[in-house]
Amino acid sequence: MNSKVSVIGAGNVGATAAQRLAEKDFCDVVLVDIIEGVPQGKSLDLTQAAPIERHDAHLTGTNDYEATKNSDIVIITAGIARKPGMSRDDLLATNKNIVTKVTKEVARFSPEAILVIVSNPLDAMCHVAYGVSGFSKNKVMGMAGVLDSARFRAFIAMELDVSVENIHAIVLGGHGDAMVPLPRYSTVAGIPITELLSADRIEALVDRTRKGGAEIVNLLKTGSAYYAPASAAAEMAESILKDKKKILPCAAYLEGEYGIHGLFVGVPVKLGARGIEEIIQIKLTAEESCALKKSAAAVQELVDTIKEMK
Ligand code: APR
């Protein structure tokens, strides 16, 4: 296959993303980790599943970035995951160092790649990767909105007992407790959920979405969610590599859009061969706009903390 996606971090999210990508059968996958044997073993295992799953994607596991050379997309999942009682922000110092090291290597071998960041705290890690790589802003993005909106969509489907395929949803803002699910723009077969559910029920679904990651951390106890995060990263990679131009909520570097300057925040974007091809600006009510500003302020606080670490 011609297209190449490298996934850095062969843990739960990384290995599952490699699986999803290979099974979609549109790119070869290179899985990289700092631990010797883990990426090699997982990619060999996935290779042995290929005859049954019926795909021809080549999988390579390695500790050496040479194998990532000339990747079209690099998905960065390296880092530590949350444990019960931890917020995503608690991962800041450790993951900042890891994402810095990883991005340097990635950029050295794949200067033309598009970077999809998954490591948390997500929006702050996008800043780290953007700064270290020096790549243009359309080529650095964070995976969070696709995951958060998928969680919202799943909860809406469960509540209304309808197919998930009928449901679209938008979640704006940072990938944290202040994220902004938008019920007015969330629909079932085109009908806004505000016409189908009471305000109380919507608020309950919004709240569960905001705490969606923590709910899973509390159940798993030893790590954080990975099936849905991996699916979300793979969907972004597919939209880019196939130039599908899907409109997906992603963390993007804003320079005035939504009144936010110089910050990665989740907004709807058009994802195609050039990466972020357009930032879609939707009209917000005063209340929604205020919630987005609050969420952006929480991201800014983390970015400022990172600057102080230097
Ligand atoms: N280079 C490469 N890989 C690294 C490095 C590094 N410098 N440091 C750590 N890793 C690897 C670990 O060895 C591990 O295999 O990153 C992997 C992380 O995997 P998990 O611990 O299973 O964590 P996971 O659930 O995959 O989450 C990874 O994604 O969703 C976010 O919050 C989550 O920040 C976390 C990241």
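Me: What gives the most to the shell around the ligand?
Reply: Helix α3 does, with 3 residues. Both α1 (12–24) and α3 (92–109) supply at least two residues of the shell. A helix here is a DSSP run of H or I with at least four residues, a strand is a run of E with at least two, and both are numbered from the N terminus. The model is predicted, so local features need pLDDT of at least 70 and side-chain atom pairs 80 or more, while totals for chains, interfaces and linings use all residues. Residues are numbered from 1 along each chain as its sequence is written, and side-chain values use heavy atoms, without hydrogens and water.

Me: How many residues surround the ligand, and what makes a residue near?
Reply: There are 20, with Asn 12, Val 13, Asp 33, Ile 80 and Asn 120 the closest. A residue is near if one of its heavy atoms lies within 4 Å of the molecule.

Me: Why is the pair of Tyr 130 and Tyr 253 called tilted?
Reply: Rings of Phe, Tyr and Trp (its six-membered ring) pair if their centres lie within 6.5 Å; planes under 30 degrees apart count as stacked, over 60 as edge-to-face and the rest as tilted. Here the centres are 4.6 Å apart and the planes stand at 40°, so the pair is tilted. Tyr 130 is in helix α4 (residues 122–133) and Tyr 253 in strand β12 (residues 246–255), 123 residues apart. The structure holds 4 aromatic pairs.

Me: What makes the bond between Asn 120 and Pro 121 worth a remark?
Reply: The peptide bond joining Asn 120 and Pro 121 is cis, with omega about -5°. Most peptide bonds are trans. Pro 121 has its place in the loop between β5 (114–117) and α4.

Me: What is the phi of Asp 161?
Reply: Asp 161 has a positive phi of about 55°, although it is not a glycine. Most residues other than glycine have a negative phi. Asp 161 lies in the loop between α5 (145–160) and β7 (167–168).
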